Amino acid sequence: MKKYEVMFILRSNLEHEAIKGEVENVKNIFTNHASNVLECKEWGLRELAYEIEHMRKGYYVWMLVEANNEAIAEFNRVIGYNENVIRHIVVKDGE
(Lines give C-alpha, C1' and ligand atoms only; values in the text may rest on other atoms or scores of the structure.)
Protein backbone atom coordinates (compact mmCIF):
# COMPACT_ATOMS: atom_id res chain seq x y z
CA MET A 1 0.00 0.00 0.00
CA LYS A 2 1.08 3.55 -0.74
CA LYS A 3 0.41 6.81 1.05
CA TYR A 4 -1.81 9.36 -0.64
CA GLU A 5 -2.98 12.85 0.13
CA VAL A 6 -6.69 13.19 -0.57
CA MET A 7 -8.42 16.55 -0.64
CA PHE A 8 -12.02 17.35 -1.42
CA ILE A 9 -14.15 20.46 -1.26
CA LEU A 10 -17.75 20.28 -0.13
CA ARG A 11 -20.50 22.77 -0.94
CA SER A 12 -20.51 25.75 1.40
CA ASN A 13 -24.27 25.57 2.05
CA LEU A 14 -24.18 22.15 3.79
CA GLU A 15 -25.20 21.92 7.43
CA HIS A 16 -22.70 20.78 10.06
CA GLU A 17 -24.24 17.31 10.37
CA ALA A 18 -24.21 16.82 6.59
CA ILE A 19 -20.52 17.74 6.48
CA LYS A 20 -19.71 15.24 9.24
CA GLY A 21 -21.68 12.58 7.35
CA GLU A 22 -19.80 13.22 4.10
CA VAL A 23 -16.43 13.02 5.87
CA GLU A 24 -17.44 9.73 7.51
CA ASN A 25 -18.60 8.36 4.15
CA VAL A 26 -15.20 9.08 2.65
CA LYS A 27 -13.41 7.49 5.61
CA ASN A 28 -15.62 4.42 5.20
CA ILE A 29 -14.67 4.09 1.54
CA PHE A 30 -11.05 3.57 2.59
CA THR A 31 -11.66 1.41 5.64
CA ASN A 32 -14.04 -0.85 3.70
CA HIS A 33 -11.30 -1.50 1.12
CA ALA A 34 -8.53 -2.61 3.53
CA SER A 35 -6.96 0.84 3.75
CA ASN A 36 -6.19 3.22 6.60
CA VAL A 37 -6.97 6.89 7.19
CA LEU A 38 -3.83 8.13 8.94
CA GLU A 39 -4.86 11.77 9.35
CA CYS A 40 -7.98 13.79 8.66
CA LYS A 41 -8.02 17.58 8.90
CA GLU A 42 -11.08 19.65 8.26
CA TRP A 43 -9.79 23.02 7.12
CA GLY A 44 -13.25 24.49 7.21
CA LEU A 45 -14.94 27.09 5.08
CA ARG A 46 -12.52 28.97 2.82
CA GLU A 47 -12.58 31.19 -0.22
CA LEU A 48 -12.18 29.33 -3.51
CA ALA A 49 -9.45 30.46 -5.89
CA TYR A 50 -12.13 30.86 -8.55
CA GLU A 51 -15.89 30.53 -8.70
CA ILE A 52 -17.18 26.94 -9.04
CA GLU A 53 -20.84 26.36 -9.86
CA HIS A 54 -21.67 29.95 -8.77
CA MET A 55 -20.03 29.40 -5.36
CA ARG A 56 -17.20 31.48 -3.96
CA LYS A 57 -16.60 29.41 -0.79
CA GLY A 58 -16.20 25.72 -0.03
CA TYR A 59 -15.58 23.44 2.95
CA TYR A 60 -12.09 21.91 2.61
CA VAL A 61 -11.18 18.45 3.94
CA TRP A 62 -7.67 16.96 3.72
CA MET A 63 -6.74 13.35 4.47
CA LEU A 64 -3.56 11.32 4.54
CA VAL A 65 -4.40 7.72 3.70
CA GLU A 66 -2.50 4.51 3.25
CA ALA A 67 -4.43 2.82 0.49
CA ASN A 68 -4.37 0.23 -2.24
CA ASN A 69 -5.31 0.90 -5.87
CA GLU A 70 -8.79 -0.54 -5.38
CA ALA A 71 -9.59 1.94 -2.59
CA ILE A 72 -8.35 4.91 -4.64
CA ALA A 73 -10.40 3.80 -7.65
CA GLU A 74 -13.50 3.39 -5.48
CA PHE A 75 -12.96 6.84 -3.93
CA ASN A 76 -12.71 8.45 -7.36
CA ARG A 77 -15.80 6.58 -8.57
CA VAL A 78 -18.00 7.41 -5.57
CA ILE A 79 -16.86 11.00 -5.16
CA GLY A 80 -17.56 11.68 -8.84
CA TYR A 81 -21.26 10.95 -8.27
CA ASN A 82 -21.54 12.92 -5.04
CA GLU A 83 -23.30 16.22 -5.71
CA ASN A 84 -22.05 17.70 -2.42
CA VAL A 85 -18.41 17.49 -3.56
CA ILE A 86 -17.44 20.27 -5.95
CA ARG A 87 -13.76 19.31 -6.39
CA HIS A 88 -11.42 16.50 -5.34
CA ILE A 89 -7.85 15.42 -5.91
CA VAL A 90 -5.66 12.44 -4.98
CA VAL A 91 -1.87 12.79 -4.96
CA LYS A 92 0.70 10.17 -4.03
CA ASP A 93 2.46 11.36 -0.87
CA GLY A 94 5.92 12.74 -1.55
CA GLU A 95 5.21 13.97 -5.07
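1. The side chains of Glu-51 and Arg-56 meet in a salt bridge, with N and O 3.3 Å apart. A salt bridge here is a side-chain nitrogen of Lys or Arg within 4 Å of a carboxyl oxygen of Asp or Glu. Glu-51 is partly exposed, at 38% relative accessible area. Arg-56 is exposed, at 56%. Buried means under 20% relative accessible area, exposed over 50%, and partly exposed in between (1.4 Å probe, protein chains only).

2. A word on the basis. This is a predicted model, in which local features need pLDDT of at least 70 and side-chain atom pairs count only at pLDDT 80 or more, while totals for chains, interfaces and linings use all residues. Residues are numbered from 1 along each chain as its sequence is written, and side-chain values use heavy atoms, leaving out hydrogens and water.

3. How many salt bridges does a search of the whole structure find? The search finds 6. One of them joins Glu-24 to Lys-27, at 3.8 Å from N to O. These two residues are 3 apart in helix 1 (residues 16–31), so about one helical turn separates them. Glu-24 is partly exposed, at 39%. Lys-27 is also partly exposed, at 24%.

4. Glu-39 forms a salt bridge with Lys-41; their closest N and O atoms are 3.7 Å apart. Glu-39 is partly exposed at 33%, and Lys-41 is partly exposed at 43%.

5. Strand 2 (residues 36–52) and strand 3 (residues 55–67) run antiparallel, joined by 11 bridges. Strands pair if DSSP finds at least two bridges between them. Helices (H or I, at least four residues) and strands (E, at least two) are DSSP runs, numbered from the N terminus. Asn-36 stands opposite Glu-66 in strand 3. The two strands form a hairpin with 2 residues between them. Glu-53, in the turn, has a positive phi of about 50°.

6. The largest nonpolar core has 20 residues. Such a core is a set of buried Ala, Val, Leu, Ile, Met, Phe, Trp, Tyr and Cys residues joined through side-chain atoms within 4.5 Å. Which members touch the most others? They are Phe-8, Leu-10, Phe-30 and Met-63. Strand 1 (2–11), helix 1, strand 3 and helix 2 (69–81) each supply at least two residues of this core. A second, separate core of 9 residues includes Met-7, Ile-52, Trp-62 and Ile-86.

7. Leaving aside neighbours within four places in sequence, Met-63 has contacts (heavy atoms within 4.5 Å) that include Tyr-4, Phe-8, Val-26, Lys-27 and Glu-39.
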